[in-house]
Amino acid sequence: MQTLSIHCSKSYNILIGQGLLDQAGEIISPLCPDSKMCVITDSNVKDLYGGDNNPLYRSLKQAVHKVFEYVFPAGEASKTMTTIEGILDFLAAHHFDRNDVLIALGGGVTGDMTGFAAAIYMRGIRFIQIPTTLLACVDSSIGGKTGVDLPAGKNLAGAFWHPELVVIDPAVFATLTPDLWRDGLAEMIKAGMIADASILQDLAVQTETVAGQTEPFADSLDPIRNLTSLIVKALQVKAAIVEADEREAGQRQLLNFGHTIGHAIEECSNFAISHGHAVAIGSVLAAAGAERLGWSSAGNADLLRDLLLKYGYDLDPGFDAPALANAALSDKKRRGDQITIVYPVRPGNCKLKLLPIDDLQQFIAFGLDYLMP
Ligand SMILES: NC(=O)c1ccc[n+]([C@@H]2O[C@H](COP(=O)([O-])OP(=O)(O)OC[C@H]3O[C@@H](n4cnc5c(N)ncnc54)[C@H](O)[C@@H]3O)[C@@H](O)[C@H]2O)c1
Ligand SMILES: [Zn+2]
């Protein structure tokens, strides 16, 4: 087992190790010996890792005196105030108080909502993250951003609220589909481009599947080598940035690399293109736009494109520059008549630049010229 720590307005540990779900009870109970716990999970994850016959529950029930479970329908469509209200009502009906603890067992949707419910129930109770998607593991489970979507846009309501502990068991990734793998890998590649080029190098040299075939990683991404070490590196990148700028006054915006255009792609596709895929495309477009404007020398867009193609991403955004610019400008990250662009200077180093909103369409068009000539 490896332990990382993050120190911001709150300090907490991130534990990473195969089989940790089986030991969750022993690990968690000393933190909250007399607490009731409520595992919050979605309908898919409940079938895979929830329920009384699974190691997590067995271990929790041995160590903790009362374990409840709240299940909501899987998917981003559930990330709403209505689901939060259901969770809060459930906690109240079961007499949860300030001493009790929530456990987020699932992907980013579960983590964001459980954290938000924990932030507002009785003005704040503790929660623990057990991420089960690669995306949640390397990105959403740390950093303290919690929340829900509103009809007007994604993540528009929320709170900064940190977990007590994050428990990562990479064994759960065995059930991820290739597309869910790619969603997480996109955030890992993002972390590499922002601050740790060795993540990119390590992913670039992987060409074989476990069976020794040299197929690209389109059908199964399960045999990614050095996965735990890659997860640790990606978490270290995020932790360092969050520690330096918890409330996103400046440097934390680097974590939005690929996201300004990525969010626009998600929105234009009516969320048919998933977050990670959209971010992957957005990162190539941002790198290519920056190269065309002379902000950086050539090579970063090629590196990202080649890496993503190797891992089986479809890089066609399917929308033109006016549509994407229009969607990007309705994003909450717009600041008046300028928008912050994150672009790579070189692998492992990204910078922020304010672009006048009138120039955004051209910037995206430059990226599209490169990606879809
Ligand atoms: N808080 C943050 O800092 C932050 C950062 C990035 C993303 N996010 C949020 O995270 C969400 C996306 O995360 P996500 O992709 O994990 O979404 P998700 O939670 O909806 O999970 C995606 C799908 O994977 C399924 N799943 C989960 N674990 C599985 C497993 N082990 N095996 C098989 N299937 C599994 C889920 O049931 C779901 O259908 C978005 O809402 C996004 O806004 C938050
Ligand atoms: Zn993201």
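**Ground rules.** I number residues from 1 along each chain as its sequence is written, with chains lettered from A and ligands numbered from 1 in the order in which they are written. Since I am working with a predicted model, local features need pLDDT of at least 70, side-chain atom pairs count only at pLDDT 80 or more, and totals for chains, interfaces and linings use all residues, while side-chain values use heavy atoms, with hydrogens and water left out.

**Entry 1, ligand 1.** I started with the shell, taking a residue as near if one of its heavy atoms lies within 4 Å of the ligand. Of the 25 residues there, Asp42, Glu76, Thr132, Thr133 and Thr175 come nearest. I then looked up polar contacts (here pairs of N or O atoms within 3.5 Å; within protein, one must be able to donate a hydrogen and the other to accept it, and residues adjacent in sequence count only if both atoms are side-chain atoms). Glu76 places a polar side-chain atom 2.6 Å from a ligand oxygen. For Thr132 I found 2.7 Å to a ligand nitrogen, and for Lys238 3.5 Å to a ligand oxygen. Taken alone, ligand 1 exposes 870 Å², and the protein buries 88% of that (Shrake-Rupley areas, 1.4 Å probe).

Which elements give two or more residues to this shell? I noted helix 2 (43-49), helix 5 (108-120), helix 6 (134-140) and strand 8 (153-160), where helices (H or I, at least four residues) and strands (E, at least two) are DSSP runs numbered from the N terminus. Helix 2 gives the most, with four residues.

**Entry 2, strand 8 and its partner.** Staying with strand 8, I saw it pair with strand 7 (residues 145-150) in the antiparallel sense over five bridges; pairing takes at least two DSSP bridges. Lys145 has Phe160 as its bridge partner, and a hairpin of two residues joins the strands.

**Entry 4, strand 2.** I finished with strand 2 (residues 11-16), which pairs antiparallel with strand 1 (residues 2-7) over six bridges. Strand 2 also pairs with strand 9 (residues 165-168), in the parallel sense, over four bridges. Leu15 is the bridge partner of Thr3 and stands opposite Val167 in strand 9.
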